[in-house]
Amino acid sequence: MKRLTLLAAVTAAALASAAPALADSFTLWVRADGSTFMPKIVDAFNASHQTKAELQIVPNAELVPKYAVAAASGNAPDALSLDLIYTPSFAAAGQLEDMTDLAKSLPYYASLSQAHLSVGTFEGHIYGVPFSADSSVLIWNKDLFKQAGLDPEKGPTTWAEIRADAEKVKKLGPDIYGYYFSGNCGGCNIFTFTPLIWASGGDIFSADGKTAKLDSPQMRDAVAFYQSMVKDGLVPAGSRTDTGSNFFAAFATGKIGIAPSGAFAIGALNTQYPNLHYGVTFLPGKTGGWSSFAGGDNFVVTKGTKKLALIKEFLEFAYSLPGQTLLAKYGSLPIRSDIAKEALAGLDSRYLVAAEAMAKGKTPYSVVFNDLINSANGPWNTTLNKVFFADAAAIEPALKECDATMQSIIDAAK
Amino acid sequence: MSGSQTDDVPKGPTSPARRVRRRRRVDYAGYLYIAPAILLVVVFFVVPLVMTAWMSLHNWPLIGRIRWIGFGNYIALWNDQRFWHALGFTVYYTVWATIGLLAVGLALALFVEKPRPGIGFYRTAYFLPVVVGFASASLLWAWLSNVDSGLFSPVAQWLGLTAAPYNLLADFDAAFWSVTIMVIWKVSGFYMIILMSGLQAIPTDFYEAARIDGANYRQRFLHITLPLIRRSLVLALILSVTGSMLAFDQFYIILAGGPQNQTLTAVYWIFNQSFVSFRLGYGSALSMVLLAILLVLSLVQLQFLQSREDRR
Amino acid sequence: MTETASAVRSIRRRHPWRIQLAMHAASILVAAIFLAPLVWTVLVTFKSKAEAGLPPLPPWPVGGWSIENYRTLENFGAGLIHHTLNSLIVASATAALTIVVSTLAGYGFSRFRFPMKGAFFVVILAAMMVPFQSILTPLFLILSRLHLYNTLTGLVLIYVTLQLPFSVFMMRNAFDSVPHEIAEAARIDGARGLKLLVIVLGPLVLPGIASVGLIAFLNAWNEFLGALIFLSEQDKYTLPVLMTAVRSGRFGAIDWGAVQAGVAVMMLPCLALFLVLQRYYIRGLTAGAVK
């Protein structure tokens with residue numbers, strides 16, 4: 001019987017701690033990647049406004065399931081900072097509030113990130129507006145370049161140069177490698193591998209996302225390029241099973257010559273590894289040119305929320321120069337191109353490269369992006385994991401098969 | 001099982017007098033005692049299960065419009081190569097894990113059955129990994145198997161087994177055995193205890209008698225030990241088969257289903273369909289099929305136990 | 001008693017000291033294999049950040065002991081202590097409630113005859129055969145209907161239900177193995193119903209109760225998916241949810257040192273609790289399993 005009393009006490013304690021909802025407040029979720037800048041923006045906003053934002057940080061992989069399950073029972077947050085690639089599928093599901101009028105009423109609408117807006121648009125309506133941004137770039141280790149007799153101030157600009165530089169760096173020692181990529185991470189590779197294809201003139205989907213175009217000459221070349229570097233031992237063995245946990249950490253050890261990465265790495269390297277000297281450049285095409293993946297979060301609003309006015313107030317704060325400066329300071333690129341330079345003023349000048357990459361960045365559009373690309377078990381990841389570590393003959397059949405699988409997933413979702 | 005502690009509890013056919021006495025004792029107060037358990041199981045298991053069955057007849061995206069499609073999901077499932085492949089892998093894993101668990105569990109049980117100095121410590125040591133959670137154990141193993149920061153690769157190199165760093169998780173066989181050995185390491189202590197309880201219930205006179213008859217160790221093991229621990233063995237078998245058929249955490253955390261989806265288990269596939277592809281209806285249909293398979297498997301195993309018992 | 005004594009004597013007789021020594025050496029070697037990963041992990045957590053990313057040879061810190069890795073855990077969520085407390089509340093409540101419910105049910109199934117008894121028992125056992133992942137969404141809908149969404153109470157009720165197949169099975173067997181004569185004698189002395197259960201039979205099935213409670217505690221302590229989905233406020237998250245955050249890390253970068261520290265924090269209370277209760281636990285499992 002005593003146990004029952006104890007249980008009752010525990011129960012009462014648990015119930016009593018339910019948070020009271022404030023009248024002038026709205027709830028906001030963000031994925032864990034946003035945990036550097038989002039709390040700062042929310043704190044600044046709450047300190048200066050009558051309206052309060054109640055923030056909750058959710059682990060990256062669990063944000064979507066958690067949101068969807070919450071939405072099914074009417075417990076969804078009012079607003080959500082969502083990985084931008086999910087915007088089409090959320091909008092297609094009828095889950096989001098139309099933000100077209102809100103977006104177009106902003107005086108700086110034209111200078112908001114186009115890549116964000118294009119994935120935020122579904123059937124002509126805007127359901128997601130830019131919030132945070134991250135572009136993919138190539139980084140190289142200046143110390144290793146110097147030791148290898150390369151010009152430490154000049155990053156590679158073609159695939160052949162990447163390879164040549166990586167070979168020279170590899171010669172420095174058995175535990176030093178020329179190049180690194182996460183070989184079992186769909187998200188990492190869409191972010192850093194597709195720009196190699198884009199910059200060479202190819203693509204993986206049609207513009208509307210309804211046709212898979214995996215088996216292209218550019219794609220085959222790019223795969224062969226990675227494959228040959230693996231085969232010649234320029235890439236560490238761990239790459240093959242790296243599901244993304246080493247995406248950033250491998251380069252940070254200082255034993256990797258060149259790695260594709262993102263703008264986020266600049267802030268992270270500067271604060272965590274201040275002694276590592278590195279350069280930032282664009283992800284090149286086969287024989288020149290460059291491209292970038294425009295990543296980050298779109299800000300979306302749950303359909304039927306009554307807090308739209310409060311949310312607009314918050315967005316306007318985030319879009320203002322102080323808001324953008326705060327964002328830039330804590331690890332996101334500005335999403336307004338008109339004040340990007342001002343917002344980045346006084347910060348590491350390498351951010352400017354990333355901001356330029358962002359302005360020209362692309363984002364693939366698909367309502368089944370997660371199934372196709374991000375899922376560890378989806379066709380994109382399993383195919384790349386297979387071909388990167390196989391031989392040349394395996395490339396074409398694997399890409400053809402991947403193409404067919406992707407198309408069947410796209411068609412099944414219609 | 002003469003001489004064992006179970007003597008007082010009537011089991012199976014007993015004398016007519018006893019049966020009459022038992023039948024008279026129908027007592028509805030029993031319902032009161034099982035009521036809380038039944039209430040919980042109904043609210044948090046039976047009702048959700050019925051809802052799952054209901055959902056399996058719909059096109060039920062995690063978000064968006066829900067549509068009745070009858071048996072559409074089951075038809076799609078029939079043609080879903082990847083599900084059947086996942087199920088095939090699950091069976092493969094179940095067979096090896098069960099063999100490993102029962103063999104190691106039995107070996108350990110024989111090893112620690114008899115009291116001798118220090119035996120308490122050994123039993124505790126072999127059992128300790130059981131206490132660690134599956135997720136924690138998987139995380140630990142993911143680290144130990146990691147080629148760059150882990151333990152196994154450098155040790156193999158140090159022992160001269162491999163020349164270069166060896167990525168244990170990159171190929172199917174190595175990855176599969178790495179995970180299976182982790183499971184054996186973590187769970188065999190549990191089976192040790194179950195089988196040990198069976199061994200300890202065997203009266204020593206049986207062995208003495210056999211020894212006098214000149215039976216050697218192998219004969220004693222095959223003809224006395226194994227038959228007499230059958231009940232414990234079947235219990236261990238059912239627990240191991242059910243547990244392995246539902247395997248998910250270890251393959252999710254250590255391998256993420258890799259290399260190239262070769263270690264996707266049935267539950268992993270259900271999880272993927274429901275929470276990665278957000279096809280809840282389809283995921284529900286898969287769950288119903290898996291449930292049916294498990295029920296049949298358990299019934300077969302129970303039948304095995306039952307029929308052997310009646311024969312005694 | 002005499003049986004065991006003679007067994008010990010017979011072993012002594014047949015095994016000279018050399019063989020005994022070999023047996024001990026083998027036992028210790030096997031014990032080392034079983035314990036090594038646990039010991040390794042705990043030692044590694046005391047390495048410094050830089051050292052934690054390198055292969056753990058030797059396992060102990062080379063460049064000085066440090067608690068940096070545990071400090072890192074403080075930066076996640078509402079802090080280590082807070083989430084540990086949540087976990088303690090949930091796991092203890094689950095253990096307590098599981099004990100009460102499964103003892104009652106085990107008693108009911110063991111000592112009473114009533115219609116449909118077998119069917120009810122099978123329904124409870126069947127809960128073991130359904131992957132928890134597949135009834136997640138219905139459970140969520142039910143919890144929000146009962147206004148138990150985002151409460152530790154709701155989480156506890158679900159954990160208890162998940163524990164019931166094993167626990168009820170164990171407790172029924174525990175009651176089965178209590179000689180009927182004892183209950184009969186008590187009944188003649190006037191003890192009935194709950195009184196009989198608590199005062200007379202309770203002490204006799206204590207090992208069963210200990211094992212059921214311990215297993216419930218361990219499982220609730222380690223469960224992650226339900227905790228993540230059924231709770232919506234960070235303040236209520238339990239330790240395993242914190243651990244996923246640690247594992248996925250910033251930008252997906254894994255901090256092995258922090259992961260090891262997290263695993264150690266998850267693991268050590270379980271080990272301690274087991275060592276305290278192991279005497280009962282192994283006896284309870286033995287009595288429950290032999291049937």
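Predicted model: local features only at pLDDT ≥ 70, side-chain atom pairs only at ≥ 80, totals over all residues.
Trainee: Let's start with chain C. How many helices and how many strands does chain C have?

Mentor: Walk along chain C from the N terminus and the elements read α-α-α-α-α-α-α-α-α-α-α-α-α-α. The C-alpha trace of chain C spans about 70 × 70 × 30 Å along its principal axes. The tally for chain C is 14 helices and zero strands.

Trainee: What percentage of the residues of chain C count as buried?

Mentor: Some context on the contacts before the number. Among contacts in chain C between residues at least 6 apart in sequence, 75% join residues at least 24 apart. Chain C has 291 residues, and the share of them that counts as buried is 52%.

Trainee: Chain C also touches chain B. Which helix of chain C gives the most to that side?

Mentor: The contact takes in 79 residues of chain C and 76 residues of chain B. On the side of chain C that touches chain B, the top contributor gives 14 residues and covers residues 256-289. That's helix 14 of chain C.

Trainee: And by class, how many nonpolar residues does the side of chain C that touches chain B have?

Mentor: Take the other classes before that one. There are five charged residues on that side of chain C, and 19 polar ones. The nonpolar count is 55.

Trainee: How far apart are the centres of domain 1 and domain 2 of chain C?

Mentor: In the domain assignment, domain 1 of chain C is 2-70 and domain 2 of chain C is 71-289. Twelve residues from domain 1 of chain C and ten residues from domain 2 of chain C make up the contact. Taken over C-alpha atoms, the centres are separated by 29 Å.

Trainee: Which elements of chain C give two or more residues to the side of domain 1 that touches domain 2?

Mentor: By class, this side of domain 1 of chain C has five nonpolar, four polar and three charged residues. The elements that give two or more residues to it are helix 2 (17-44), helix 3 (49-52) and helix 4 (68-74) of chain C.

Trainee: Now the backbone. Is C:Met116 buried or exposed?

Mentor: C:Met116 sits in the loop between helix 5 (80-111) and helix 6 (117-126) of chain C. Its phi is near 70 degrees, a positive value in a residue other than glycine. Most residues other than glycine have a negative phi. C:Met116 has 9 other C-beta atoms within 10 Å, so it counts as exposed.

Trainee: What is the phi of B:Gln260?

Mentor: Look in the loop between helix 12 (249-255) and helix 13 (266-275) of chain B, which is where B:Gln260 lies. B:Gln260 is partly exposed because it has 18 other C-beta atoms within 10 Å. It isn't a glycine, yet its phi is positive, at about 45 degrees.

Trainee: On to chain A. Which helix of chain A gives the most to the side of domain 1 that touches domain 2?

Mentor: Domain 1 of chain A is 24-134 + 295-359, and domain 2 of chain A is 136-293 + 366-412. In the contact, 16 residues of domain 1 of chain A meet 18 residues of domain 2 of chain A. Two elements give two or more residues to the domain 1 side, helix 4 (87-92) and helix 17 (350-359) of chain A. The one that gives the most, with six residues, is helix 17 of chain A.

Trainee: In strand 9 of chain A, which residue is the bridge partner of A:Asn141?

Mentor: Strand 6 (residues 129-141) of chain A runs antiparallel to strand 9 of chain A, with four bridges joining them. Strand 9 (residues 278-281) of chain A has A:Gly279 and A:Thr281 on its uncovered face, and A:Tyr278 and A:Val280 on its covered one. The bridge partner of A:Asn141 is A:Tyr278.

Definitions and conventions: Residues numbered from 1 in each chain as written. Chains lettered and ligands numbered in written order. Buried ≥ 20, exposed ≤ 12 C-beta atoms within 10 Å, placed from the backbone. Contact = placed C-beta atoms within 7 Å. Nonpolar A, V, L, I, M, F, W, Y, C, P; charged D, E, K, R; others polar. Pairing = 2+ DSSP bridges. Domains from an automatic or database assignment.
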